[in-house]
Amino acid sequence: MRTNTLGEVMPGTSPGQLLAIPPTMPQHTPAGVVGNTPLLWIGTPFCGPQQGFWAKLEGHNPGGIKDRTALYMVERARERGELAPGATIVESTSGTLGLGLALAGITYGHPVELVTDPGMEPLMARLLAAYGAVVHTVTEPHPTGGWQQARRDRVGELLADDPTAFCPDQYNNPDNVAAYAPLAHELIAQVGRIDTLVVTVGTGGHSAGVSRTLREFFPYLRVVGVDTIGSTIFGQPALPRIMRGLGSSIHPRNVDYGTFDEVHWVDPAQAVRTSRTLASSHYASGGWSVGAVATVARWLSRTSPATERIIAIFPDGPQRYFDTVFNDEYCSERGLLDQPLLRAPGEIAEPGERVVTRWTRCTQVHDPREGASTTFAGAGEVRR
Ligand SMILES: Cc1ncc(COP(=O)(O)O)c(C=O)c1O
C-alpha cells in the first residue's frame, strides 16, 4: 500500500484499481518530454532540523536544464527565418547546451556542430557524438579571454565557412532568457509562494529568465546568484577554473545584474563535498553547479527565518561527473578532498575588494563592464 508524505493512504493502490494520480502525457517526440521536472525537498540530514529548501531537478530533462533553451532558441530562429530548414547549427558549449541542441537538431532536422575545449568530460563528448553532433575541440586558450573566447573564435570560423549555418549565441541571445518562463510557472504551480531563488550563473540565461517571471508574481523575491571562484561574471579576475557549467571568462550580455540581491563564489572543494553529501543523503545530486548551488541554499536555509521558502535550481544530474566530482583520484590530485568544509562563506563588501579563493559572498552586485579598472591584491591590475 502506498502512502503520501503525511502518511495518508494514496488512492488507487489496491490490485486492479486504476492509479488515480494523473500520469504525465505520452509524447510522440523526444522534445515533448522536456520540462515538468520534479521538485524535491532537501531537508535533514543535509540541512539542520526544521531547515531545508526545494530543489528543482532539471537533470530529469533528457539532457539537462539547457534542453529548454536549446529547443526555444531553435524554434524562434526557425520562425524568424534565421535558421533555414536543414541548415547547420553551430555553438560553443561546455556540454549541457550541446545535449539540448542535439535534441533540437534531431527534432527539427538540423545537423549540429559544437565547439568545446579539453575540459569537456570524455563521457560527454561521446554522448554528444552518439546523439549525432560533431564535436570540435579547441586546443589553446585565448590569451585574455581564456577557453571561452577561444571557443567563440572557432565558432566564428565555422560560421564563415558555411554562410547558411546558424549560431544561437547563448551568451547574448535574449531567447536564452525567455526560454525559462515555463520553468518559473512550473515552480509556482508546484509550491505557490516563493521567497528566495538560488541560481547558478553561466550565460545568465536561467537566472534572468526564471527571476524575471517569478518577480511578476512575487515582487519581493530575493535572488541569490552562485558563481565559481575564478570567474569574471561578477567582477572578479579570470583565474584557471575547474568547475564547468557555471562561471565564465567573458561577460555574457544575458546576465541580468539588476536581478541579484547577492552573489556567492563557491570553490571546487566545497562543491565536490556538497555534491557527494547530497548524493549519499538524498539520492539527488549533480556536479559542480549542483554542489555550488546546494552549498549556498543550505547556508541560506540555516540563516533565514524558518518560514522562508527557498528554491534552488539543480541544472543537471550526476551522470557526467563520474570522472571528476565523484572520482577520488581526480579530486585527490587537485586537493579537493582534504580541505576543511566551510559552514559559512567569507564576505567582501565589494566584488573588487580582493580576489576570492574560497567560498565568499557579496551583497553588492554590479555589472563589471560599467566600472573602471580595478586593482586586486595579489592579481595585478585587472582591466574591465
Ligand atoms: C551544468 C550547468 N550548470 C549551470 C549552468 C549555468 O546556466 P546559465 O547558462 O543559464 O547561466 C550551465 C550552463 O551551461 C550548466 O551547463
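Between which domains does the ligand lie, and why?

**View 1. The ligand between two domains of a predicted model.** Domain 1 (39-61 + 178-368) and domain 2 (66-161) both give residues to the shell around the ligand, so the ligand lies between them; the bounds of these domains come from an automatic or database domain assignment. This is a predicted model, in which local features need pLDDT of at least 70 and side-chain atom pairs count only at pLDDT 80 or more, while totals for chains, interfaces and linings use all residues. Residues are numbered from 1 along each chain as its sequence is written.

**View 2. The shell around the ligand.** Of the 17 residues around the ligand, those that come nearest are T96, G202, T203, G245 and S289, where a residue is near a molecule or strand if its C-beta atom, placed from the backbone, lies within 6 Å of it. Two or more residues of the shell are given by each of the elements α2 (96-108) and α7 (205-217), and the largest share, three residues, comes from α7. Helices (H or I, at least four residues) and strands (E, at least two) are DSSP runs, numbered from the N terminus. By class, the shell holds four nonpolar, 11 polar and two charged residues; here Ala, Val, Leu, Ile, Met, Phe, Trp, Tyr, Cys and Pro count as nonpolar, Asp, Glu, Lys and Arg as charged, and the others, Gly among them, as polar.

**View 3. Where domain 1 meets domain 2.** The centres of domain 1 and domain 2, taken over C-alpha atoms, are separated by 24 Å. In this view, 17 residues of domain 1 are in contact with 18 residues of domain 2, two residues being in contact if their C-beta atoms, placed from the backbone, lie within 7 Å. On the side of domain 1 that touches domain 2 there are seven nonpolar, six polar and four charged residues.

**View 4. An open sheet of eight strands.** The strands follow the order β1-β2-β9-β6-β7-β8-β11-β10, and their pairing is mixed; two strands pair if DSSP finds at least two bridges between them. At the edges stand β1 (39-42) and β10 (346-347), each with a single partner strand, so one side of each is left without a neighbour in the sheet. Strands of a sheet pair through backbone hydrogen bonds, either parallel or antiparallel. Strand β6 (residues 196-200) and strand β9 (residues 310-314) pair in the parallel sense over three bridges, and V198 has A312 in β9 as its bridge partner.

**View 5. The loop between β1 and β2 (53-57).** P45 lies in this loop, and the peptide bond that runs from T44 to P45 is cis, with omega near 5°. Q50 is also found in the loop between β1 and β2, and Q50 has a positive phi of about 60° although it is not a glycine.

**View 6. Confidence along the chain.** The mean pLDDT of the protein chain, where pLDDT is the predictor's confidence in each residue, from 0 to 100, is 91, and 91% of its residues reach 70 or more. Over residues 1-16, however, the pLDDT is below 50, and over residues 378-384 it stays under 50. Where pLDDT is low, the predicted coordinates should not be read in detail.
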